[in-house]
Amino acid sequence: MSIFEYNGSAVVAMVGKNCFAIASDRRLGVNLQTIATDFQRIFKIHDKLYIGLSGLATDVQTLYQRLIFRHKLYQLREERDMKPQTFASLVSAILYEKRFGPYFCQPVIAGLGDDDVPFICTMDCIGAKELAKDFVVSGTASESLYGACESMYKPNMEPEELFETISQALLSSVDRDCLSGWGGHVLLVTSTEVQERTLKGRMD
Amino acid sequence: MECVFGMVGDGFALVAADTSAVHSILVHKSNEDKVMILDSHKLLGASGEAGDRVQFTEYIQKNVHVYEFRNGIPLTTAATANFTRCELALALRKNPYFVNILLAGYDKNIGPSLYYIDYIATLHKVDKGAFGYGSYFSLSMMDRHYKSGMSLEEAIDLVDKCIIEIRSRLVVAPPNFVIKIVDKDGAREYAWRESIKDAAGVSAA
């Protein structure tokens, strides 16, 4: 089994009309055994920027601690929040620093930039950025997620419809992957509010 | 075939561990205490490579004490868990410790808590957790019978159920277990569950 499949994960982000949604599963496993069903993979960097980290759980936690540290320093120096594009470049640089001994994580970054234009991107474990206009996926269920998102996605969805779409895409994909699932965690971010919801799916 | 498991009850947390010290096919001793009392209100149940286990848990214990001496107040359980995770994470890509840890603690305004810390430094706050081959049996028993806010009697009953399951179903099951609890009155040994007693001393014929 690959090191990326040790803990099991699924993360997806989608762009809507002046909003974005980011969702993840909630399982923490050790190979075939489930340890917890409330593991957090999506972290807030600031009010309009979230990062979802899939892959090895220990590196998820280490990377999150390093990134929040760097962002806090940035806030102190620049007296403002980081733009999503800047943050994506920062994550990419931090991952490439460990090119020959990488963090076994694939981040999904989602944020609202200037004028509340949604921004999403993903990268591999050594920081190769992949910008997308519609959706990005990562984790053990990524292949199922690609299929589900491709068929369910429409451009310029309103927040409620976007929430429905991302939830259905996540739940149907993790149902086909034994290493991820046990519910879902969805964050819907618009320019005025953040809605955080827990999904109840097949608990297996 | 080391087994460590723990759970959180009503105002207390407990950790149970087997007490065999094994080297390949030889059992060196059957009364090895693998649940360390870190300070007045914390327990650290550890399983894994023997040398790493003792070294790492003693290192954590001494650092917890140093913090209290330097700062005059004890570390919270959450802070201890994060410190332990960081030590494991820093060592992971240099000289890893092969120790799995269940950290149980009681904090005055927070109550009891239990932290699951993997040997590769995965940290998660849990209500029930287990390591080792015994985890396949004890986690399933706990999934079936555990409910939040159990009394001490109910929790010990569940621990005994898990121990019975491990003894009857695990091929090289450890014979003896130690159970330690931590609550508002502190961390202490609660009971031993022995089916084989080590001989006190063998007289030369």
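A:F4 is partly exposed, with a relative accessible area of 23%; buried means under 20% relative accessible area, exposed over 50%, and partly exposed in between (1.4 Å probe, protein chains only). The model is predicted: local features need pLDDT of at least 70, side-chain atom pairs count only at pLDDT 80 or more, and totals for chains, interfaces and linings use all residues. Residues are numbered from 1 along each chain as its sequence is written, chains are lettered from A, and side-chain values use heavy atoms, with hydrogens and water left out.

Over all chains, the whole structure holds 7 aromatic pairs. Rings of Phe, Tyr and Trp (its six-membered ring) pair if their centres lie within 6.5 Å; planes under 30 degrees apart count as stacked, over 60 as edge-to-face and the rest as tilted. One of the pairs is A:F4 with A:F104, edge-to-face at 5.7 Å centre to centre and 80° between the planes. A:F4 sits in the segment before β1 (10-15) of chain A and A:F104 in the loop between α2 (84-97) and β7 (105-112), so the pair ties together parts 100 residues apart in sequence. A:F104 is partly exposed, with a relative accessible area of 24%.

## A tilted pair in chain B

The ring centres of B:F98 and B:Y119 are 5.7 Å apart and the planes are at 35°, so this pair is tilted. B:F98 lies in the loop between α2 (77-92) and β7 (99-107) of chain B, and B:Y119 in the loop between β8 (111-117) and β9 (123-126) of chain B, so the pair ties together parts that are 21 residues apart in sequence. B:F98 is partly exposed at 40% relative accessibility, and B:Y119 is partly exposed at 27%.

## Fold of chain A

Chain A has 4 helices and 12 strands; helices (H or I, at least four residues) and strands (E, at least two) are DSSP runs, numbered from the N terminus. The radius of gyration of chain A is 16 Å, close to the 17 Å that the globule rule gives for 204 residues, so chain A is as compact as a globular protein of that length. The radius is taken over C-alpha atoms, and the rule is 2.2 Å times the number of residues to the power 0.38. Of the 204 residues in chain A, 56% are buried.

## Fold of chain B

Chain B also contains 4 helices and 12 strands. Its radius of gyration is 17 Å, close to the 17 Å that the globule rule gives for 205 residues, so chain B is as compact as a globular protein of that length. The C-alpha trace of chain B spans about 55 × 40 × 35 Å along its principal axes. Buried residues account for 50% of the 205 in chain B.
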